[in-house]
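Please keep the model open while reading and find each residue as it comes up.

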Amino acid sequence: MNELFGIMRAPRAVLFGNGQRLALGRVAAALGQRALICTDGRFAATAEMSELLAALEGAGVRVQVYDRTQPDLPVEGVYECVAAHRAFQPEVIVGLGGGSCLDMAKLVSLLLTHGGQASDYYGEYKVPGSVIPVIAMPTTSGTGSEVTPVAVLADSARDLKVGVSSPHLIPHTAICDPELTLTCPKGLTAIAGADALTHAIEALTAVRRNPDADIAQTRVFVGKNAFSDQQALIAIRALASYLPRAVEDGSDLHARGQVMAAALAAGLAFGVAGTAAAHAIQYPIGALTHTAHGAGVATLMPYVMDFNASACGADYAAISAAMGDPDTDPARLAANAPRHVHELFSRIGIPATLAGLGVRADQLGWIAEQSMLAARLVTNNPRPLDQAGIAAIVAAAHAGHGSFLSS
């Protein structure tokens, strides 16, 4: 299975660069005359929001705004937005904000188009056809939702977050303006960037499947492939160089741009390759501790890398090289990879252990059990993963036992 194989899915257009937000009016007008903006209360009150509303008005686009998007996207908020704006009959939906705002736009587009409940579409390939076009405009650099086929939400009827995955959910256009991230706080910049690095690493190291002709029609996340590998390495290289700079000096617009580009590349990578163990384990941890998704996956990532090391030698060597390791011996490069990732995360303030996230020792068994429910993520792991394997990862991550922590 070493033949060249690749799958690429992306928006029809990506507009990237300082000031590109001002293209919103003309981009939206080409799609319709009625736009619904999904954002949150913080961004809705900014001068940038007023600027964007003026751009839409100047292009002859009527606008309604939903500004009550909540973190972790409770499903009730999605239904509230759909009910409030159904009569407006939007022809284009703009997601403007962090990952929850972008996912809100995707899900509102889905439900306004096809009706029903969000639960009708949980899982992969449940969306029956195209949806109202979405323009995704991120104000953080992490989730990659501006280019991915997935939307994640919190359903109060379930203990864990759930996802809707379909190529139909990929935004029509992504407008990525690094200037919109200048007000992103230091802690959120770190957590979002750590999420992006985890996306890139898990995409690069995902299981490699037999690339039969049906794979892209039956799986949204097809596993490791040539195209996702390149996007993942682009992201890893940029984040290693620029994420600490963006965290340490939020006014460094060059670093902000590089991190935003890296998050987008990581989104393109995992949007086809998928993620794996770190994401599977974070979902129950997030439910228990109410800690940020990016912090959880980043805390877990070096321990997951330790577990997967026997299956990922060449990829780990590539990760170390992308992170600036000058060694030329592939075995040493591979062995160093978990340490490089841990040291980067430590530098930007990511907790070193699950205990640091507030996880108690008596919760580890439940976490391992619940992690197995994310079958799509578990089966995407490069080393075969069962409940005992997850238990070993969470025990090490709770106690702080890892090869990268040795002197």
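1. Start with a polar contact: the side chain of H85 meets the side chain of Q64 at 2.7 Å. The model is predicted, so this distance is computed from predicted atoms. H85 belongs to helix α4. H85 has a relative accessible area of 8%, so H85 counts as buried, the limit being under 20%. Apart from neighbours within four places in sequence, H85 is in contact with L36, Q64, V65, Y66 and P90.

2. The loop between β3 (62–66) and α4 (75–85) holds L73. L73 is not a glycine, yet its phi is positive, near 50°. Most residues other than glycine have a negative phi. The relative accessibility of L73 is 0%, so L73 is buried.

3. H290 also has a positive phi, about 55°, without being a glycine. H290 sits in the loop between α10 (277–289) and α11. Is H290 buried or exposed? With 71% relative accessibility, H290 is exposed, since the cut-off for that word is over 50%.

4. The UniProt record, an unreviewed entry, puts the feature "domain: Alcohol dehydrogenase iron-type/glycerol dehydrogenase GldA" at residues 11–178. In the model this stretch is 29% helix and 24% strand. The C-alpha atoms at the ends of residues 11–178 are 18 Å apart.

5. The UniProt record, again as an unreviewed entry, places "domain: Fe-containing alcohol dehydrogenase-like C-terminal" at residues 189–397. Here the chain is 69% helix and 0% strand. The end C-alpha atoms of residues 189–397 are 23 Å apart.

6. Next, the nonpolar cores. In soluble globular proteins, nonpolar side chains tend to be buried together. How many residues does the largest nonpolar core have? The largest nonpolar core has 74 residues, and I236, I319 and F345 have the most contacts inside it. Helix α8 (residues 226–248) contributes the most to this core, namely 10 residues. A separate, second core has 28 residues, among them V78, M104, L112 and A151.

7. Leaving out residues up to four places away in sequence, I236 touches L197, A200, I201, L204, I319, A322 and M323. One of these, L197, is in helix α6 and has a relative accessible area of 0%, so L197 is buried. Beyond its neighbours within four places, L197 is in contact with I236, L239, L344 and F345. L197 and V259 lie 62 residues apart in sequence, while their C-alpha atoms are 9.9 Å apart in space.

8. A196 is in helix α6 too. Its relative accessibility is 0%, so A196 is buried. Not counting residues up to four places away in sequence, A196 touches G142, L239, A263 and A266. A196 and A265 are 69 residues apart along the chain, and 8.8 Å separates their C-alpha atoms.

9. T198 is another residue of helix α6 (residues 186–204). T198 has a relative accessible area of 0%, so T198 is buried. Where does its side chain reach? The side chain of T198 reaches the backbone oxygen of A194, at 2.9 Å. With neighbours within four places in sequence set aside, T198 is in contact with A278, H279, V297, A298, M301 and F345.

10. Last, the aromatic rings. A pair of aromatic rings is described by the distance of the centres and the angle of the planes. The whole structure has 1 aromatic pair. Its members are Y303 and F404, with ring centres 4.9 Å apart and planes at 75°, so the pair is edge-to-face, a term used for angles over 60 degrees.

11. The charged end of R383 sits over the ring of F307, at 3.9 Å from the ring centre.

Note on methods. Residues numbered from 1 in each chain as written. Predicted model: local features only at pLDDT ≥ 70, side-chain atom pairs only at ≥ 80, totals over all residues. Heavy atoms only, no water. Core = buried A, V, L, I, M, F, W, Y, C linked by side-chain atoms within 4.5 Å. Buried < 20%, exposed > 50% of the residue type's maximum accessible area, 1.4 Å probe, protein only. Helix = DSSP H or I, 4+ residues; strand = E, 2+ residues; numbered from the N terminus. Contact = heavy atoms within 4.5 Å. UniProt positions renumbered as here; feature names shortened; annotations may be inferred. Phe/Tyr/Trp six-rings, centres within 6.5 Å; stacked < 30°, edge-to-face > 60°. Lys NZ or Arg CZ within 6 Å of the ring centre and 35° of its normal. Polar contact = N/O pair within 3.5 Å; in protein donor to acceptor, adjacent residues only side chain to side chain.
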